[in-house]
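Let's take a walk through a protein together. Keep the sequence and the 3D view open as you read.

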Amino acid sequence: MLNFTVITIFPEMFSSPLAHSILKKAQEKGLICVRLVDLRDYATDRHRITDDYPYGGGQGMVMKPEPLAAAIEDSKKSRAKPKVILLSPQGRVFDQSEAHRLAQENELVLICGRYEGVDERVKSFVDDELSVGDYTLSGGELAAMTVIDAVTRLIPGVLGNPKSSEEESFSENLLEYPQYTRPEEFKGMKVPEVLLSGDHERVRKWRREMSLRLTRERRPDLFENAPLTPEEKKAGRRPPDLALALLHHPVYDKNGQVVTTAVTNMDIHDIARSARTYGVKRFYVVTHVKALQRLALKIIDHWERGYGSRYNETRKEALSLVRVKDTLDDVILDLEQTSGSKPYLVATSARPGGSRTSFAELRDMLRRESRPFLILLGTGWGLTETVLAQSDALLEPIQGETDYNHLSVRSAAAILLDRLLGKES
């Protein structure tokens with residue numbers, strides 16, 4: 001049996017959680033026992049005060065050391081070498097591995113802090129400090145309930161199916177796979193075919209893949225420490241689903257007029273080579289002018305199938321990434337068809353203003369998320385406001401130490417790709 005002792009000024013808060021579901025059954029089976037200690041019983045004044053003003057001034061109240069120390073010492077007398085834990089935002093983060101460690105104990109004393117915290121001297125009476133997360137609660141009672149529930153689930157005999165705790169989220173530093181039940185179709189949404197197949201090995205593989213994908217996207221911090229096979233580690237390091245689009249229309253000229261700019265050999269060459277270097281999946285050249293499309297296709301054909309393909313193999317490899325499209329909408333449709341979902345549009349602009357996404361933020365998104373991303377590059381004097389409004393994010397501008405801000409688009413493309421996808425030193 002695992003005995004919990006909870007020191008709190010609000011013991012009544014525990015009545016409902018302990019009287020229902022898993023915790024109720026665990027107590028009825030004699031697998032856990034929860035003793036609630038009212039801290040006010042250890043106050044020495046007739047008003048049963050457990051807090052006071054902080055030395056040095058400041059907001060709020062601080063829990064007094066005398067009642068807490070007395071309650072802790074009393075709990076140690078009545079229990080065989082309990083592990084005393086203070087629930088505190090300054091503690092180590094409570095996670096599944098910590099829950100497993102605590103489930104091996106026989107006696108746990110949980111101290112529920114309140115107000116601005118406890119007198120620092122109380123910490124000399126505790127064995128450990130734990131936090132349930134980076135957010136603010138009104139007190140340690142909810143944190144204590146979380147610890148009790150998470151630890152209790154891991155005690156043998158508590159759950160009806162002993163494998164349940166092994167397959168739950170965080171059991172291997174992975175989030176749990178998606179779950180479905182009847183009906184087979186609900187409001188047009190169907191249960192994945194693999195779960196209806198009856199093929200247990202396919203189901204196992206699907207669940208593992210989904211668990212890996214969810215963890216990689218939503219909790220990369222967990223994914224880094226998850227026990228993965230060599231194949232899974234390789235898949236986890238796959239490059240992001242990123243494409244570039246070089247827009248020749250609609251863009252501004254230096255007078256702020258919407259124009260169509262010319263396609264240039266150098267832009268196609270250099271951006272394609274940068275894209276190949278950093279693992280970009282596609283590079284789109286966008287112009288609705290047929291003569292400019294023919295020029296772009298002629299350049300691509302020379303390096304893919306003509307003399308250039310034999311003269312320079314590496315150039316052929318880079319130019320194979322280039323696609324020519326009439327409009328931005330055509331690019332989006334093409335990516336939807338190849339990737340299965342609409343791309344996240346990231347516009348670029350050297351003009352000041354607007355809410356900007358930093359390179360660090362976008363780099364993090366590219367690492368975490370599996371959806372396709374499309375970075376929009378403008379020619380001339382930049383993308384129009386219409387294009388910016390259509391985008392999901394506006395990337396921060398590339399700036400030097402001087403007030404000169406006129407990089408060529410191919411130079412800007414190389415810099416931003418290195419900031420987003422380059423190796424970190």
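How many salt bridges are there by the rule used here? The count comes to 24, where a salt bridge is a side-chain nitrogen of Lys or Arg within 4 Å of a carboxyl oxygen of Asp or Glu. Before we meet some of them, know that this is a predicted model, in which local features need pLDDT of at least 70, side-chain atom pairs count only at pLDDT 80 or more, and totals for chains, interfaces and linings use all residues. Residues are numbered from 1 along each chain as its sequence is written, and side-chain values use heavy atoms, with hydrogens and water left out.

Start with aspartate 38 and arginine 48, whose side chains meet in a salt bridge (3.9 Å, N to O). Aspartate 38 sits in strand β2 (residues 32-38) and arginine 48 in the loop between β2 and β3 (51-52), so this pair ties together parts that are ten residues apart in sequence. (Helices, H or I with at least four residues, and strands, E with at least two, are DSSP runs numbered from the N terminus.) Aspartate 38 counts as buried at 18% relative accessibility, while arginine 48, at 33%, counts as partly exposed. Here buried means under 20% relative accessible area, exposed means over 50%, and partly exposed is in between (1.4 Å probe, protein chains only).

Next, find lysine 290 and aspartate 326, a salt bridge with its closest N and O atoms 3.4 Å apart. Lysine 290 belongs to helix α12 (residues 290-304) and aspartate 326 to the loop between β14 (322-325) and α15 (328-339), so the pair ties together parts that are 36 residues apart in sequence.

Some charged residues join up in a group. Arg92, Glu98, Arg101 and Asp128 are linked in a network of salt bridges. Glutamate 98 lies in helix α4 (residues 96-102) and is buried, at 3% relative accessibility.

Now for the nonpolar side of things. A nonpolar core is a set of buried Ala, Val, Leu, Ile, Met, Phe, Trp, Tyr and Cys residues joined through side-chain atoms within 4.5 Å. The largest one has 39 residues, and Leu362 and Ile375 have the most contacts inside it. Helix α18 (residues 409-421) gives this core its largest share, six residues. Apart from it lies another core of 32 residues, including Phe14 and Val151.

Finally, look at threonine 260, in the loop between β12 (258-259) and α11 (265-277). Threonine 260 is partly exposed, with a relative accessible area of 32%. The C-alpha atoms of threonine 260 and glycine 380 are separated by 8.3 Å, although the two residues are 120 residues apart along the chain. Leaving aside its neighbours within four places in sequence, threonine 260 has contacts that include His248, Thr287 and Leu292.

Key
Contact means heavy atoms within 4.5 Å.
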